[in-house]
Amino acid sequence: IFMVLSLLSIVYGALRCNILAIKIKYDDYDVRVKPAAYLCIFMWRSFEIATRVTVLVLFGSVLRIWIFLVVLLNFLGFCLYPWILFWLSKSPFPENIEKELSRVGTTIVLCLLTFLYAGINMFCWSAAQVELSDPDLISKSQNWYRMTVYYIVRLMENAFLLLMWYIYRTDFYLYVCAPMLVLQLLIGYCMGIFFMLVFYQFCHPCKKLFSSSITEAL
């Protein structure tokens, strides 16, 4: 019961963050979110987060040391990614975050922001993409390429982790139909991707402002 309540709480938080990110990106427009959009986001986040957490738990239950490496690589990768993009853009260091902050204080704030960004992206696609070269520190453009790469790599990673769990599973899972569980988790993650595509293609409140639809980008 507590696990279900925690999942619902996290999914609701992800849903609110999605809506808030949309309103921040398109603050010049009157954003009206329809019930169908809420439903798509809820289903998208539910499948995505639940399957991701389950995959990590299963993998960690049989390969307890290696799960730390998986989490560390994910965290460091997403934490360093915004800094790499910032370094490649050759933009000046952000100075307008808060006037009272020194350069060291600004660096600490940016590090904490990228830590939060990395923590979210370990489990689901972040609603707001950090862009340190932007004055608002978030990307205002819709990057279909980055989103596509994320979900392809994440699906492959989940499949690999499930394969390792299947190979090294213990007698604890003797009465579990392992092939069916693997199939259900992979289908569940694909269902999350499906509802994400439906949301951006049909239910996004500002889809008319996109330079291209997600199907055209794919």
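Helices here are DSSP runs of H or I with at least four residues, numbered from the N terminus. This is a predicted model, where local features need pLDDT of at least 70, side-chain atom pairs count only at pLDDT 80 or more, and totals for chains, interfaces and linings use all residues. Residues are numbered from 1 along each chain as its sequence is written, and side-chain values use heavy atoms, leaving out hydrogens and water.

**View 1. Asn 121 sits in helix α4, which covers residues 103-121.** Contact means heavy atoms within 4.5 Å; skipping residues up to four places away in sequence, Asn 121 touches Phe 78, Ser 126, Tyr 150 and Arg 154.

**View 2. Helices α5 (residues 144-168) and α6 (residues 178-203) pack with their axes 10 Å apart, at an angle of about 170°.** Because angles over 145 degrees count as roughly antiparallel, that is the label for α5 against α6. Axes are lines fitted to C-alpha atoms over the stretch in contact, and angles run from 0 to 180 degrees between N-to-C directions. Among the contact residues are Trp 144, Tyr 151 and Arg 154 of α5, and Leu 185, Tyr 189 and Tyr 200 of α6.

**View 3. The largest nonpolar core has 28 residues.** Such a core is a set of buried Ala, Val, Leu, Ile, Met, Phe, Trp, Tyr and Cys residues joined through side-chain atoms within 4.5 Å. Helices α1 (2-25), α2 (35-62), α3 (66-89), α5 and α6 each supply at least two of its residues, and α6 gives the largest share, seven. Trp 44 is one of the residues with the most contacts inside this core; among the residues that Trp 44 touches are Asn 18, Trp 125 and Phe 199.

**View 4. Cys 203 lies in helix α6.** Cys 203 is buried too, with a relative accessible area of 17%. Beyond its neighbours within four places in sequence, Cys 203 is in contact with Ala 36, Ala 37, Cys 40 and Val 198.

Technical notes
Angles under 35 degrees count as roughly parallel, over 145 as roughly antiparallel, 65 to 115 as roughly perpendicular and the rest as oblique. Buried means under 20% relative accessible area, exposed over 50%, partly exposed in between (1.4 Å probe, protein chains only).
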